[in-house]
Amino acid sequence: LQIVEGGELVGEAQTLEARYEDTFIKIARQYNLGYEELVQANPTVNPWLPGEGTEIFLPTRFVLPYAPRQGIVINLPELRLYYFPADRPGWVITHPISIGRMDWRTPLGASHVQSKVLNPTWYPPESIRMEHALDNRFLPKIVAPGPNNPLGNHALRLSLPGYLIHGTNKPSGVGMRVTHGCIRMFPEDIEA
């Protein structure tokens, strides 16, 4: 939890000195950032090989979205989720997210969580199954819970039919526009 400072900002910007084995994907997960956030904050640094001793700016200070400060607020352009817990007035929890890519946009508008699902089963829509088939990657009609399920181990079913906030079995894509419209989170973030 991070306390809201002065009403508009939360968190503190940081820097780190890269180690030999660091990549932006590894750093992003360690500091609860998205890949694109790090790339935009460090445009001259190679995201795959920053280099031993390279200073990396961590954009861990956020301007809160202009929205009611209650429940979950998604800032699509920022690729971030903000959660304002009812039992902790003045506090916010924020996490990086992935959203729909250009041809599979995440919808705009108000919604609410209809249910929380542990170990969800995925029923890929026919449109996604057809897209995969065009690449000779065939999806079954039902993907059972487990390591091959792209929903991960936790999902929040939204009142927008067919859309979820869920975990992932590919956390390296968090913080990018890579989904079919759902909102994807690091496994540990959606679990929390």
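**View 1. A pocket is an open set of grid points where a 1.4 Å probe fits, with protein on both sides within 12 Å along at least five of seven lines.** The model shown here is predicted. Its largest pocket has a volume of about 780 Å³. A total of 33 residues line this pocket, and the closest to its centre are W122, I128, P150, H180 and R184. Which elements supply at least two residues each to the lining? They are α3, β11, β12 and β13 (177-179). Helix α3 gives the most, with 4 residues. Sorted by class, the lining has 15 nonpolar, 11 polar and 7 charged residues.

**View 2. Four strands make an open sheet.** The order of the 4 strands is β10-β11-β12-β14, and their pairing is mixed. Strands β10 (113-118) and β14 (183-184) stand at the edges. Each has a single partner strand, so one side of each is left without a neighbour in the sheet. Strands of a sheet pair through backbone hydrogen bonds, either parallel or antiparallel. Look at β12 (residues 164-166) and β14: they run parallel and are joined by 2 bridges. Here I165 has I183 of β14 as its bridge partner.

**View 3. Strand β4 has two faces.** Strand β4 pairs with β3 (residues 14-17) in the antiparallel sense, over 4 bridges. Across from L58 in β4 stands Q14. Which side chains of β4 are buried? I56 and L58 are, and they point to one face.

View 4. Now zoom in on Y82. Beyond its neighbours within four places in sequence, Y82 is in contact with F62, V63, L64, P65, G71, I72, V73, N75, V92, I93 and T94.

**View 5. N42 sits in a loop.** The loop runs between α2 (35-41) and β4 (55-58). Is N42 buried or exposed? Its relative accessibility is 6%, and a residue under 20% is buried. So N42 counts as buried. Setting aside residues up to four places away in sequence, N42 touches F24, E55, I56 and F57.

**View 6. Two asparagines have a positive phi.** Most residues other than glycine have a negative phi. N32 is not a glycine, yet its phi is positive, at about 55°. N32 lies in the loop between α1 and α2. N136 also has a positive phi, near 60°, and is a residue other than glycine. Where is N136 placed? It is in the loop between α3 (126-134) and β11 (154-158). N136 has 64% relative accessibility, so it counts as exposed.

Terms used: Residues are numbered from 1 along each chain as its sequence is written. This is a predicted model: local features need pLDDT of at least 70, side-chain atom pairs count only at pLDDT 80 or more; totals for chains, interfaces and linings use all residues. Side-chain values use heavy atoms; hydrogens and water are left out. Two strands pair if DSSP finds at least two bridges between them. Buried means under 20% relative accessible area, exposed over 50%, partly exposed in between (1.4 Å probe, protein chains only). Contact means heavy atoms within 4.5 Å. On a 1 Å grid over the protein atoms alone, a cavity is a set of points where a 1.4 Å probe fits but cannot get out, and a pocket is an open set with protein on both sides within 12 Å along at least five of seven lines; lining residues have an atom within 4 Å of a point. Grid points are joined across faces, edges and corners, and a volume is the space filled by probe spheres set on the points. Ala, Val, Leu, Ile, Met, Phe, Trp, Tyr, Cys and Pro count as nonpolar, Asp, Glu, Lys and Arg as charged, and the others, Gly among them, as polar.
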